[in-house]
Amino acid sequence: MTVDFGLNQQQRDFAASIDAALGVADLPAAVRAWSQGDVAPGRKVWQQLANLGVTALNVPERFEGLAADPVDLVVALERLGRWCVPGPVTESIAVAPILLADDDRCAGLAAGELIATVALPPQMPRAVDADSAGLVLLAGEGGITEAALSQCHQSVDPSRRLYDVTAIGQLWQADLVRAYEFGALATAAQLVGAAEALLNATVEYAKQRTQFGRVIGSYQAIKHKLADVHIAIELARPLIYGAALSLSPRDVSAAKVAAGDAGLLAARSALQTHGAIGFTQEHDLSLWLLRVQALRSAWGTSEAHRRRVLEAL
């Protein structure tokens, strides 16, 4: 007897529909605009995601959500990482619906009318894109409150501004443990998608760039480097889907570590293959390079997640 861990046809079609919509949306321009404070192009992308049901995946059915399986969420978030979608993707799509589980505002999340962001100290002490979100939440041991913005901090990724926030309003309770696992899992999925994007871009570039009269993709060193990236991605992907099935802290942390390692290897290989041009602001590759660096430390650093895995053994 064999067990098939592959995606079913419906999930593959869902991923393809996201790719089709985002592939014509000029995401690099939207990311650059978001970095400059112009969120209009990015909001159009979010509305497309809402039309596809992405923003409703983790929302309860009573609020017009899909209450989808976590595997479906991972399918979507991986594609969003692939296209470098701007905004608080993990926070609004994966985490906020858990923190607002009994709140009517979940309907706004499902419809894409409301974008939320979350600070969850100590793992996530600041709220990303709080200036662009319609709802800012602060979660802690005492419960969850709405939050007000204070000091802004620049991230390594200019499209991800980080804000200190302070609690306002009344407390309510929610499943913070589940919220954190979903946050780490969703971030891991985006890292795998971003790594795939970097690998694809690097492969295409290696087919075009010549050195010493030969296309660089014909050199064994380049082939081995790109093969290593492919292997790292294919090792991380099943860990993410396995974590989506179990949602155990050990499995989620193992997935986050593997995804971060794959993203870092993809970024290094892309930059080494492209050369200095890949890190210029004018080259789209830089958007993915910076996004990988930001996501690796978001929702728990690799060191923190490695500790969780070791503690669970």
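Biologist: How much space lies in the second largest cavity?
Modeller: This is a predicted model, in which local features need pLDDT of at least 70 and side-chain atom pairs count only at pLDDT 80 or more, while totals for chains, interfaces and linings use all residues. Residues are numbered from 1 along each chain as its sequence is written, and side-chain values use heavy atoms, with hydrogens and water left out. A cavity is a set of points, on a 1 Å grid over the protein atoms alone, where a 1.4 Å probe fits but cannot get out, and its volume is the space filled by probe spheres set on the points, which are joined across faces, edges and corners. For the second largest cavity, that space is about 30 Å³.

Biologist: Which helices each supply at least two residues of the lining of the second largest cavity?
Modeller: Lining residues have an atom within 4 Å of a point, and here they are Leu80, Gly81, Cys84, Val85, Gln190, Ala194, Arg291 and Leu295. Helices are DSSP runs of H or I with at least four residues, numbered from the N terminus. Those that each supply at least two of the lining residues are α4, α7 and α10.

Biologist: What is the volume of the largest cavity?
Modeller: The search of the whole structure finds two cavities of 30 Å³ or more. The largest cavity is lined by Gly87, Val89, Thr90, Glu91, Arg160, Gln190, Arg291 and Leu295, and by class the lining divides into two nonpolar, three polar and three charged residues. In this division Ala, Val, Leu, Ile, Met, Phe, Trp, Tyr, Cys and Pro count as nonpolar, Asp, Glu, Lys and Arg as charged, and the others, Gly among them, as polar. The volume of the largest cavity is about 50 Å³.

Biologist: Which helix gives the largest share of the lining of the largest cavity?
Modeller: Two helices, α5 (89-99) and α10 (285-297), each supply at least two residues of this lining. The largest share, three residues, comes from α5.

Biologist: Is Arg291 buried or exposed?
Modeller: Arg291 is found in helix α10, and, leaving aside residues up to four places away in sequence, it touches Val31, Cys84, Val85, Pro86, Asp157, Ser159 and Arg160, where a contact has heavy atoms within 4.5 Å. Buried means under 20% relative accessible area, exposed over 50% and partly exposed in between, with a 1.4 Å probe and protein chains only. Because its relative accessibility is 5%, Arg291 counts as buried.

Biologist: How far apart are the end C-alpha atoms of helix α8?
Modeller: The expected span of a helix is 1.5 Å times one less than its number of residues, so the 27 residues of α8 (residues 220-246) should span 39 Å. This agrees with the separation in the model, which is 40 Å.

Biologist: Which helices do the buried residues of α8 pack against?
Modeller: The buried residues of α8 include Ile222, Leu226, Val229 and Ile233. An α-helix has 3.6 residues a turn, so residues three or four places apart point the same way. The packing partners are α4 (70-83), α7 (176-208) and α9 (249-274).

Biologist: Which strand does β3 pair with in the parallel sense?
Modeller: Strands are DSSP runs of E with at least two residues, and two of them pair if DSSP finds at least two bridges between them. Strand β3 (residues 135-140) is largely enclosed by the rest of the structure, because five of its six residues are buried. Four bridges join β3 to β4 (residues 143-153) in the antiparallel sense, whereas the parallel partner, over four bridges, is β1.

How values were computed. On a 1 Å grid over the protein atoms alone, a cavity is a set of points where a 1.4 Å probe fits but cannot get out, and a pocket is an open set with protein on both sides within 12 Å along at least five of seven lines; lining residues have an atom within 4 Å of a point.
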